[in-house]
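Keep the viewer open as you read.

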Amino acid sequence: MSEEKYKHRYYYKESYEAAIGTFAVAIVFLFVAILSLVFLTFKIEFIGLANWGYWLFVPAFFIFIGGFDQLYRNYKYKQVVKNALAQRNFQGTYKLEHIALEIGMKPKVLLRVLLDLRNKGIIKYSFNVETGQIILGQPITYQLATEYVPPAKKLENPLPTEGKNYCVYCGHKIETGGNFCPNCGSNL
Ligand SMILES: [Zn+2]
C-alpha cells in the first residue's frame, strides 16, 4: 500500500520511555542542589558549590513538572484508547485511521499506545497484513528476527524496508510479505 496517507504510519518509541530519562535528569539536579545546601550548612568548600548549587532547584523543578506532564499525557492517551476499544467490546476489524480520527490522535501515536496496552496484557490485537486494519481480540505471537537493529527513538522519515524479511520498526519476522506489520501495524 503506497498510499500517501499511510506513509508515516509506523511505530516509533518517542516519548515512550522519555519520562524516566526526564526524572533521572531532574533527580541529578535536585541531588546537587541539596548537596550545595549541605555544603553551605557545614561550610564545606568544593568548587564553590555552596555559593551556586542551590540555583539548580529551579531547573530541577521545571524538569519535574515536564516529567509529570509527560506521565499524565501518557496516562490520558491510554484511557482514551481503552475507552474507544471498550466501545467496540475489544472485538472486530477496524481501520486504524478511523479510530485515530475518532479520538483525535495521530495513527503513529495510536500505534505506540496500543502496543503499550498490549504489552501490559490489557488488550489483544493484530493487524491485517494486506489492508493494515486492526483486528481486535486476535492475539499474535511476537517473533524477533535476529538481524533486527532497533531504530532511533525519533524518526524524521519512514525507514527503508526493501529486502527485509522482518519489520524494521519492531523486529517481528515477516514470512509471507504484505504491506503492514501484523505485530505493530507499521506500513512496510
Ligand atoms: Zn512491526
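Start with how the chain folds back on itself: of the contacts in the protein chain with a separation of 6 or more, 58% are between residues 24 or more positions apart. Bear in mind that this is a predicted model. Buried residues make up 22% of the 188 residues in the chain.

Now zoom out to the overall build. The chain has five helices and three strands, and reading along the sequence you pass them in the pattern α-α-α-β-α-α-β-β. The radius of gyration is 22 Å, well over the 16 Å that the globule rule gives for 188 residues, so the chain is more spread out than a compact globule. You can see that in the dimensions too: along its principal axes the C-alpha trace spans about 70 × 40 × 30 Å.

Next, the domains. The chain is divided into domain 1, residues 20–136, and domain 2, residues 141–188. Their centres, taken over C-alpha atoms, are 24 Å apart. Where the two touch, domain 1 puts in nine residues and domain 2 puts in ten. On the domain 1 side, the elements giving two or more residues are α5 (107–119) and β2 (125–127). That side is made up of six nonpolar residues, two polar ones and one charged one.

If you want to find the crossing, look in α3 for Y77, K78, V81 and K82, which meet V109, L110, V113, L114, D116 and L117 in α5. By class, this contact has seven nonpolar residues, three charged and no polar ones.

Most residues other than glycine have a negative phi. Which residues go the other way here? One is I47, with a positive phi near 40°; another is N89, with a phi of about 55°. I47 sits in the loop between α1 (18–41) and α2 (49–52), while N89 is in the loop between α3 and β1 (92–94).

Technical notes: Residues are numbered from 1 along each chain as its sequence is written. This is a predicted model: local features need pLDDT of at least 70, side-chain atom pairs count only at pLDDT 80 or more; totals for chains, interfaces and linings use all residues. Domain bounds come from an automatic or database domain assignment. Two residues are in contact if their C-beta atoms, placed from the backbone, lie within 7 Å. Helices (H or I, at least four residues) and strands (E, at least two) are DSSP runs, numbered from the N terminus. Ala, Val, Leu, Ile, Met, Phe, Trp, Tyr, Cys and Pro count as nonpolar, Asp, Glu, Lys and Arg as charged, and the others, Gly among them, as polar. The radius of gyration is taken over C-alpha atoms; the globule rule is 2.2 Å times the number of residues to the power 0.38. A residue is buried if 20 or more other C-beta atoms lie within 10 Å of its own, exposed if 12 or fewer, and partly exposed in between; C-beta atoms are placed from the backbone.
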